[in-house]
Amino acid sequence: MRVKIVDVAKEANVSVATVSRVVNNIPLVNEETKERVLEAIKKTGYKPNAIARSLKIQKTNTMGIMIPDITNPYYTEIVRGAEDVCGIYHYNIILSNTDFDPEKEKKSLNVLVEKQCDGIIYVGKDLSDEMQAELIDAPSEVVLGCIPDDSGVLSGVLINNETAAYELATELIKLGHKKFMLFFDELEEGYIYQERKKGFIKAFDENDIEFDDSRILREKLSLSGGYTMMQEAINAGVDFTCVFCFNDQTALGAIRCAEEMGKKIPEDISICGFNNFWIAEWTRPQITTVAQPMYDIGAIAMRMLIKLCEKDGDRTVKNVYVPHEVHIRGSVAKIDK
């Protein structure tokens with residue numbers, strides 16, 4: 001039989017109202033009585049009704065996280081960082097996978113709001129005008145992951161994608177590379193796509209390297225996407241020595257295709273990734289990439305969100321840029337200039 005609050009009150013010899021105050025952490029009970037109630041709760045095994053409690057204190061201690069692809073280790077590492085912080089502050093998580101689908105995003109946001117999440121982290125590679133408006137109007141607190149809000153209403157945690165791409169390109173140019181291909185995302189208008197493209201183009205311009213959009217191929221960011229783009233580039237007879245891939249999974253697929261088509265990596269083609277997915281260090285050759293602190297992005301975003309929910313401290317809207325690192329590994333080679 002389920003233990004009720006009245007059973008706890010009887011065991012502790014107090015009123016039901018007193019038990020309710022203890023459960024909801026309302027500071028109107030002296031320490032001796034509070035200890036007696038807590039002991040009675042432990043003895044009876046009473047489990048407070050979370051829904052009723054949340055209605056009373058207007059807080060559910062639940063956070064929602066919206067990510068576009070739960071199978072992508074980049075996003076799961078962000079969730080891990082956020083979840084670890086939630087554990088410290090005794091929050092629960094509702095995780096929603098949106099598959100980069102605008103309709104799924106809207107439905108997921110509505111579900112998280114209906115579940116009365118205190119706060120929501122929205123993780124993506126772009127922020128559409130429609131979703132931006134939905135997030136701004138949401139009754140829950142919101143923090144963005146990996147992207148900024150150009151309206152200045154929502155805070156976010158991300159790396160400087162333009163600078164990261166610029167630094168990676170500069171390092172490869174120093175190794176003598178001048179003929180590049182970019183294996184990029186289908187979502188051409190996306191924020192991260194555009195920022196990384198700007199970084200690469202900036203490095204090319206500074207080094208008098210001509211580049212046009214015909215050297216950008218677009219596919220799904222996956223092993224098969226990388227394979228397909230490399231196959232297309234080689235079959236087209238394009239003259240290139242180095243490929244920048246949008247992420248490490250795409251780079252892995254590109255390497256597989258190039259080797260199957262008789263190319264040596266990095267002797268014939270140098271290949272770079274992005275994100276520093278753990279397997280990038282376990283391939284042969286190891287993949288040159290840009291390391292993003294995905295765990296830290298999730299953890300910092302959740303700390304910011306909890307502070308907003310608990311009305312704790314400064315509520316100034318800000319974008320927090322976390323540091324990145326360029327890792328030059330065996331998938332790239334120096335060539336004669």
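In this predicted model, six strands are arranged as an open sheet with parallel pairing, in the order S2-S1-S3-S4-S5-S11. Strand S2 (92–97) and strand S11 (319–321) lie at the edges with a single partner strand each, so one side of each has no neighbour in the sheet. On average, neighbouring strands of this sheet are turned by 20° against each other, direction ignored.

**Pairing of strand S1**

- Strand S1 (residues 62–67) pairs with strand S3 (residues 119–123) in the parallel sense over four bridges.
- Across this pairing, Gly64 stands opposite Ile120 in S3, and Met66 stands opposite Tyr122 in S3.
- S1 also pairs with S2, in the parallel sense, over six bridges.
- Met63 stands opposite Ile93 in S2.
- A right-handed β-α-β unit is made by S1, helix H5 (residues 73–88) and S2.

**Burial and side-chain direction in S1**

- In a regular strand, side chains alternate between the two faces of the sheet.
- Thr62, Gly64 and Met66 point one way from S1, whereas Met63, Ile65 and Ile67 point the other way.
- S1 is mostly covered, with six of its six residues buried.

- Helix H6 (residues 102–114) lies across S1, S2 and S3 and runs at about 175° to S1.
- Helix H12 (residues 294–309) packs on the sheet and touches S1, S3, strand S4 (141–145), strand S5 (155–158) and S11.
- The direction of H12 makes about 165° with that of S4.

Technical notes
Residues numbered from 1 in each chain as written. Predicted model: local features only at pLDDT ≥ 70, side-chain atom pairs only at ≥ 80, totals over all residues. Heavy atoms only, no water. Pairing = 2+ DSSP bridges. Helix = DSSP H or I, 4+ residues; strand = E, 2+ residues; numbered from the N terminus. Axes fitted to C-alpha atoms, helices over the stretch in contact; angles between N-to-C directions. Contact = heavy atoms within 4.5 Å. Buried < 20%, exposed > 50% of the residue type's maximum accessible area, 1.4 Å probe, protein only. Right-handed = clockwise from strand over helix to strand, strands pointing away.
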